[in-house]
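I opened the file to look up a few places and keep short notes on each. The entries follow in the order in which I went through them.

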Amino acid sequence: MSSSIFEDGFSSDRLFNQGYSYTYDDVIFLPHYIDFPTDSVHLATRLSRRVPLSIPCVSSPMDTVTEAHMAISMAALGGIGIIHSNTTPSEQAHMVKAVKSRRVPVLSNPVFKSPSDRIQSDDVFDSSNPYVLVTENGCPSSKLLGYVAGRDWAKLGDKEVKIYDYMVNCTDFTVPWSYDLGRIGEHMEEKRRDVVATVRDDEVVDVVAKEEVERIKGYPKLGVGTVGPNGAWRVGAAIGTRETDKERLEGLVKAGVDVVVLDSSQGNSIYQIEMIKYVKKTYSNLDVVGGNVVTVSQAQNLIQAGVDGLRVGMGSGSICTTQEVCAVGRGQATAVYKVASIASQSGVPVIADGGISNSGHIVKALVLGASTVMMGSFLAGSNEAPGAYEYQNGHRIKKYRGMGSLEAMTKGSDQRYLGDTAKLKIAQGVVGAVADKGSVLKFIPYTIQAVKQGFQDLGASSLQSGHDLLRTSVLRLEVRTGAAQVEGGVHGLVSYEKKSF
């Protein structure tokens, strides 16, 4: 009797060469052999050739996902954020500078006043800005004299009095921008302060309140984070492929950006290839990520052009409608496997972009060949995502929209879909809402722990180990039927409480 009768599952090469387009939910890995504890799983990786990360997580360059606060927090976790380009070049460069000037995952955007000013409205105070800083002339670069707390201002009987009549006078509540949370907390205890200002080159960067320090300390412990040689957070930014994007790129480089992502729904174009060559010629030390691609031939063209990383995905995002509208794309599991197979031969890391709804999807993306996963909806709705919280049917939510939605296109993202010169705009995305998820500083560490457990079940102690086990056919896969997918999730209950951590 043939031994093949007793084989479990399929090799990846056999499974993904049958002409089917598989999503993450379509496939399942069969467990392998465990000979190490979960804590021995190391997920250190690379975003691109020269940008190392401690965890394989990247926030997507979407205007409802990644601005400065998200990028700061992702770097603090050991990942990286890619700041969207659906804004002016100067505003995008300012966000990059904001990330670079901080060493704690806090972004307060402090308000400055002079002692002779008056505060006549509580509009200057909010949850992210409970303090107003007082400097000699009301500018960040002038001498710091003290502060006004929102709670103190609210108790004033006469709101017409000048600030110097009630401000807290103190000049010893500043700390260097390079202080971490531990050192900031120690300074507060020593000086008995409830608030400190971080300063860089004699200019105030942030206001850090004691309750903010305690809140972050209550989350899983942060590591060193993703920092460059100068000790600043690493951050990426998205650009397009138009001539004007060369000027945008120049501003980003001056701001200190570590990597640029060419943001296009279909990256295999003459426009992107020319931009890749321009970036590599003009800024030879800057890594450039190309994409999006889903096929081997697309990937080969961009690799030959000189990319340092590839972004994979077309129509797999929760708010993306490209596959429906344009009839092009590919199931994300198949796309990641195919592109990673060719990219690995050139040492080009692959970013699995889209389709991530849970930790299991992250495990699948990474083992199928990706070096990192780029997340949009998974991070949208968090404290760090742009936008204000709203209430909808009793649920706390934030807006989340595709960059191919008509709403986003009116701000300039139509360039991503090569539609900025078209008379008629065709949407390739929708506008929606996602539930409040809390802070990424809390839920990403739990997600990473779940990913490590998945790798342990597969007998892979690292990303490279997972890739090797897959390519040597040690790891086996099967396709799940619809019934198997139902069985693999929560089922058969009248109700249940969904709580991951």
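Contact, in these notes, means heavy atoms within 4.5 Å. I am working on a predicted model, in which local features need pLDDT of at least 70, side-chain atom pairs count only at pLDDT 80 or more, and totals for chains, interfaces and linings use all residues. Residues are numbered from 1 along each chain as its sequence is written, and side-chain values use heavy atoms, with hydrogens and water left out.

**Entry: Gly376**

I looked up what Gly376 contacts. Leaving aside neighbours within four places in sequence, Gly376 is in contact with Ser60, Met62, Val65 and Tyr400. I placed Gly376 in the loop between strand 18 (372-375) and strand 19 (390-392). Helices (H or I, at least four residues) and strands (E, at least two) are DSSP runs, numbered from the N terminus. Is Gly376 buried or exposed? Gly376 counts as buried, at 12% relative accessibility.

**Entry: record annotations**

I checked the UniProt record, an unreviewed entry, for "binding site". One annotation there covers Ser318, Asp353, Gly354, Gly355, Gly376, Ser377, Tyr400, Arg401, Gly402, Met403, Gly404 and Gln428. For "binding site", UniProt also lists Gly315, Gly317 and Cys320. UniProt positions are in the numbering used here, feature names are shortened, and annotations may be inferred rather than shown by experiment.

I then located two of these residues. Cys320 is in the loop between strand 16 (309-312) and helix 10 (322-326), and is partly exposed with a relative accessible area of 23%. Asp353 belongs to strand 17 (residues 350-353) and is buried at 10% relative accessibility. Not counting residues up to four places away in sequence, Asp353 touches Asn292, Arg311, Val312, Gly313, Ser316, Gln332 and Met374.

**Entry: the barrel**

I traced the strand order. Eight strands close into a barrel in the order 4-5-13-14-15-16-17-18, with parallel pairing. Two strands pair if DSSP finds at least two bridges between them. On average, neighbouring strands of this sheet are turned by 25° against each other, direction ignored. Axes are lines fitted to C-alpha atoms, for helices over the stretch in contact, and angles run from 0 to 180 degrees between N-to-C directions.

I picked one pair to inspect. Strand 14 (residues 259-262) and strand 15 (residues 287-293) pair in the parallel sense over three bridges. Val259 stands opposite Asp287 in strand 15.

**Entry: helix 2 and helix 3**

I looked at how these helices meet. The axes of helix 2 (residues 68-77) and helix 3 (residues 89-100) come within 9 Å and cross at roughly 35°. Ala68, Ala71 and Ile72 of helix 2 make the contact with Met95, Ala98 and Val99 of helix 3. By class, this contact has six nonpolar, no polar and no charged residues. Here Ala, Val, Leu, Ile, Met, Phe, Trp, Tyr, Cys and Pro count as nonpolar, Asp, Glu, Lys and Arg as charged, and the others, Gly among them, as polar.

How many residues of helix 2 are buried? Ten of its ten residues are buried. Strand 4 (57-59), strand 5, helix 3 and helix 14 (440-457) are included in what covers them. Helix 3 lies across strand 5 (80-83) and strand 13 (236-239), and runs at about 160° to strand 5.

**Entry: Arg234**

Arg234 is in the loop between helix 6 (210-217) and strand 13, and counts as buried at 13% relative accessibility. Among the residues that Arg234 touches are Arg50, Ala75, Lys100 and Asp258.

Most residues other than glycine have a negative phi, and most peptide bonds are trans. I listed the exceptions I had. A cis peptide bond joins Gly291 and Asn292, with omega about 5°; Asn292 is in strand 15. Asn393, not a glycine, has a positive phi of about 55°. Asn393 sits in the loop between strand 19 and strand 20 (395-401) and is exposed, with a relative accessible area of 74%. Ser473 also has a positive phi, near 70°. Ser473 lies in the loop between helix 15 (463-471) and strand 22 (477-479) and is partly exposed at 31% relative accessibility.

Terms used: Buried means under 20% relative accessible area, exposed over 50%, partly exposed in between (1.4 Å probe, protein chains only).
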